[in-house]
Amino acid sequence: MAAQPLIIATDLEGVLVPEIWIAVAERTGIAELRLTTRDLPDYDELMRRRIAILREHGLSLADVQTVIATLDPLPGAADYLVWLRSHYQCIILSDTFYEFAAPLMAKLGYPTLFCNSLEIDGRGMIVAHRMRMTHGKRETVRALRALGFRVLAIGDSYNDTAMLAAADHGILFRPPPNIIAEFPQFPVIDSYADLRETIADFDADGVPERGVVLAGVRDDETLRGRLSTVDDLDLVDGHVSENAILEAMAENPILIERPIVETDKGVRLCRPQDKVREIL
Ligand SMILES: [Mg+2]
């Protein structure tokens, strides 16, 4: 096994199971519950609205759980997860709640789930949501990398993009068009078969060509003293993701004041200039 084993951090809703709130909206006939983070990126605001709507309609936690119990994983998701867990370590990172997710976890073979909790009153009504921490998905990915794992992150929505950027490799799975347009830096995959292939390829090869350039940038001692932006961006921290460095390079071209050469044989950061011979 590689010195840095691969761990898969995957979103739940939209990737492995249907959007829970959309299902609740359909079965209760309350159209306003259809809003998701795809529509309203501020999750706290979204949850406060959802809880208020449930209260207005007199719907308890048990009512919502009854609806969720009728849901099944997305077609093919359970088999994909069996494959994934038989080959790699995997953690599901979700902004949902343990009280909601339990019936779906049973149908997925009880994978490891990091999510949040609900506060329930004496009548069984949901009164508040309790996020375990802010930016839980992103912070989990950062922590996993600090623990020596390479992290491949998979998600479909606004609340996933920070963890995708923090990972060694981020993938969008069946995202809506607005996410694709806003986050063109992430590859888009639409089937579990392609997801399996991409994960296996990444495990075998990493992202070698891009990695050479990024390693060169990271290891270049002149980088730290180049300009205050470097310290501001904290780019020489070993836990900064490749995506974050690429974004910083695009926004601050002075960071790449060195020759990057691409030929059919690969890509090199050509300092010293003799490095170019490796790919001629
Ligand atoms: Mg999702």
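**Overall make-up**

The structure is a predicted model. The protein chain contains 13 helices and nine strands. Of its 280 residues, 30% are buried. Among the contacts in the chain with a separation of 6 or more, 54% join residues 24 or more positions apart.

**The central sheet**

Seven strands form an open sheet in the order 4-3-2-1-5-6-7, and the pairing within this sheet is mixed. Strand 4 (126–130) and strand 7 (188–189) are its edge strands, since each pairs on one side only. The table lists several of the strand pairs.

| Strand pair | Sense | Bridges |
|---|---|---|
| Strand 1 and strand 5 | parallel | five |
| Strand 5 and strand 6 | parallel | four |
| Strand 6 and strand 7 | parallel | two |
| Strand 2 and strand 3 | parallel | three |
| Strand 3 and strand 4 | antiparallel | four |

Leu6 stands opposite Arg150 of strand 5, and Ile154 has Ile171 of strand 6 as its bridge partner. The chain passes from strand 5 through helix 7 to strand 6, making a right-handed β-α-β crossover. Further along the sheet, Phe173 is bridged to Ile189 in strand 7.

Helix 5 (residues 98–107) lies across strand 2 and strand 3, and runs at about 135° to strand 2. Strand 3 and strand 4 form a hairpin with five residues between the strands, and in this hairpin Gly124 adopts a positive phi near 85°. Ile120 is bridged to Ile126 in strand 4.

Strand 5 is largely enclosed by the rest of the structure, because five of its six residues are buried.

**Helix 6 and its buried side**

Helix 6 spans residues 136–146, and its buried residues are Lys137, Arg138, Thr140, Val141, Leu144 and Arg145. These residues cover an arc of only 165° around the axis, and therefore lie on the same side of helix 6. The buried residues of helix 6 pack against strand 1 (6–10), strand 2 (89–97), strand 3 (113–120), strand 5 (150–155) and helix 7 (158–166). After helix 6 comes Gly148, which has a positive phi near 95°.

**The nonpolar core**

The largest nonpolar core comprises 47 residues, and those with the most contacts inside it are Ala9, Val141, Val151, Ala153, Met163 and Ala167. Helix 7 gives the most to this core, contributing five residues. Val141, named in this core, is also one of the buried residues of helix 6.

Key
Residues are numbered from 1 along each chain as its sequence is written. This is a predicted model: local features need pLDDT of at least 70, side-chain atom pairs count only at pLDDT 80 or more; totals for chains, interfaces and linings use all residues. A residue is buried if 20 or more other C-beta atoms lie within 10 Å of its own, exposed if 12 or fewer, and partly exposed in between; C-beta atoms are placed from the backbone. The arc is that of the directions from the helix axis to the C-beta atoms. Two residues are in contact if their C-beta atoms, placed from the backbone, lie within 7 Å. Two strands pair if DSSP finds at least two bridges between them. A crossover is right-handed if, with the strands pointing away from the viewer, the path from the first strand over the helix to the second runs clockwise. Axes are lines fitted to C-alpha atoms, for helices over the stretch in contact, and angles run from 0 to 180 degrees between N-to-C directions. A nonpolar core is a set of buried Ala, Val, Leu, Ile, Met, Phe, Trp, Tyr and Cys residues joined through C-beta atoms within 7 Å.
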